[in-house]
Amino acid sequence: MFCLLVALPAMADSLDEMNEGSLALRRGNFTAAVIHLSAAIDSNELPAETNAAMRISRAQALYHLEQYQPAADDLTTAIESGAINDTLVGIALATRASAHRKMGDWARALADFDAAIALGTVNEKMFFHRGLTLEADGQHTRALENFHRAHDMAPDNDAIREKLLELGETVD
């Protein structure tokens, strides 16, 4: 019983940091999110699944801070942990793909986009960002197919419409 009582205050601190970090992320305070989520992760007191999920959250904050390599590293750790379900793996792959795209690593970005889609992570943003990656990689036909797929999923999305118009496509 003594060990349990000693461990509970430390775990409570980790949970407080996790909650503060998640709240900061939702509010768009990415620096605070990184600080709090790092404290929770570094405590080594979170269960494996929670730790991996917090790494995904910290990676999202790092991404917004344009710290793409540390974000990709966190996402790789979460993906390779084996502690998260396919939905979270898909989210992590999609976010890591975007980080690789921002770093100009088209091959890695495309591999991650493809893997996320294979897991069922399918939305207009996925196809739009994969289209941007394909376009940057010189694969214009495939890029256009992805932009059209994104448009089919979200016909009112201005960024997708503008991209198609920029490429000379007719948009309904």
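User: Is D74 buried or exposed?
Analyst: This is a predicted model, in which local features need pLDDT of at least 70, side-chain atom pairs count only at pLDDT 80 or more, and totals for chains, interfaces and linings use all residues. Residues are numbered from 1 along each chain as its sequence is written, and side-chain values use heavy atoms, with hydrogens and water left out. Buried means under 20% relative accessible area, exposed over 50% and partly exposed in between, with a 1.4 Å probe and protein chains only. Because D74 has a relative accessible area of 4%, D74 is buried.

User: In which helix is the place of D74?
Analyst: Helices are DSSP runs of H or I with at least four residues, numbered from the N terminus. The run of residues 68-80 holds D74, and this run is helix α4.

User: Which residues does D74 touch, not counting residues up to four places away in sequence?
Analyst: Contact means heavy atoms within 4.5 Å. With residues up to four places away in sequence not counted, D74 touches R55, R58, A59 and L62.

User: With which side chain does the side chain of R55 make a polar contact?
Analyst: R55 is found in helix α3, residues 48-64, and counts as buried because its relative accessibility is 19%. A polar contact is a pair of N or O atoms within 3.5 Å; within protein, one must be able to donate a hydrogen and the other to accept it, and residues adjacent in sequence count only if both atoms are side-chain atoms. At 2.9 Å, the partner of the R55 side chain is the side chain of D74.

User: How are α3 and α5 oriented to each other: roughly parallel or roughly antiparallel?
Analyst: Axes are lines fitted to C-alpha atoms, for helices over the stretch in contact, and angles run from 0 to 180 degrees between N-to-C directions. The axes of α3 and α5 (residues 86-102) come within 11 Å and cross at roughly 25 degrees. Angles under 35 degrees count as roughly parallel, over 145 as roughly antiparallel, 65 to 115 as roughly perpendicular and the rest as oblique. The two helices α3 and α5 are therefore roughly parallel.

User: Which residues of α3 and α5 make the contact?
Analyst: Helix α5 contributes L88, I91, A92, T95, S98, A99, R101 and K102. From α3, the contact is made by I56, Q60 and Y63.

User: Which residues is F30 in contact with, leaving aside its neighbours within four places in sequence?
Analyst: F30 is found in helix α2, residues 30-42. Leaving aside neighbours within four places in sequence, F30 is in contact with L25, A61, H64 and L65.
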